[in-house]
Amino acid sequence: MFEICANPDSIDGFQWLACYMTTGKHMLFYQSFLVVLSLLAITAPLALAVGFVGAMATRSQIAPVRWLGSIYTSMVRGVPDVLFFLFVPFAMDQGLEWLRHKVKCPDWSEPIRQGNDFLVCSAAKLPLNSAPQSIHELYGFSLAVVAFAIVFGAFAANVIAGAMRAVPHAQIETAEAYGMSHRQAFWRVLVPQMWIFALPGLSNLWMILIKATPLLFLLGVEDIVYWARELGSSKTSQYAYPHPDWRLWYFLGLLVFYLAFTRVSEIVLDRITRRLSHGQATLGGEAMRKAG
């Protein structure tokens, strides 16, 4: 990046460090923080939407829908997260390639499964082998988002379902007595009030989601953990910037990042809690009423 960095052997001290911290791989390391933040920004509302649908399914008056919602929340919450994070992208990838293979290569005579290998025609590959690297990275990131949304959506469904049950049923009965339909009472009375009861659980779920982002490394996404291990490992003299094992310092930097991000999240969630507590018949709402 700097002219003095053309020959790293001729510099030392702060100049060497400045050149080292602005290499191409370090720029990818800095960009990987955006990958983590993008995952959180996309997954959180998607998991919340999946959780809301799952909570509604568990409350459905249609038995098969209610059973499906209960099976989804119970199964996902009962299986270790790592298994789902590894299984969902793998199963989705092979499932999509299998469907494309049936459509694009109907004359294929060889078996798709040959021992441990899963072989489809080149036209059915996702992404195509000729696709640019950015498409491959985006595809892997998309599979990771789906996996995170499915896993955390089940936990969100359980939290939201419990929050809906926490809203006094007498309010629903009163709304219906005043002429509201069941649907109107649900959207105008139950849903607005249940968020304050769901927020503590959703806040914990958000913190867990933050801590789960290093699992991107297991899914093959080049996230901050991948680059911290790659850049921090010892480099011999054959590299432009040789150094001993610095992984401790890189992972210490990640520790500071996650702690700072968690603290910011706590501040934001605390403000949201105070806002939602206003006028509610909860401990927080009563404290605000007495203080006001």
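## A pair in helix 9

How many residues apart are Glu266 and Arg263 in helix 9 (residues 247–277)? They sit three residues apart, so about one helical turn separates them. Helices here are DSSP runs of H or I with at least four residues, numbered from the N terminus.

Glu266 and Arg263 form a salt bridge, with their closest N and O atoms 3.2 Å apart. The term means that a side-chain nitrogen of Lys or Arg lies within 4 Å of a carboxyl oxygen of Asp or Glu. Side chains of opposite charge can pair when their charged atoms come close.

## What you're looking at

This is a predicted model, where local features need pLDDT of at least 70, side-chain atom pairs count only at pLDDT 80 or more, and totals for chains, interfaces and linings use all residues. Residues are numbered from 1 along each chain as its sequence is written, and side-chain values use heavy atoms, with hydrogens and water left out.

## The other bridges

The salt bridge count comes to four. One of them joins Arg274 and Asp270, at 2.4 Å from N to O. Arg274 and Asp270 are also both in helix 9, four residues apart, or about one turn of the helix.

Another links the side chains of Asp245 and Arg247, at 2.7 Å from N to O.

## How exposed are the partners?

Glu266 is partly exposed at 37% relative accessibility (between buried, under 20% relative accessible area, and exposed, over 50%, using a 1.4 Å probe and protein chains only).

Terms used: Helix = DSSP H or I, 4+ residues; strand = E, 2+ residues; numbered from the N terminus.
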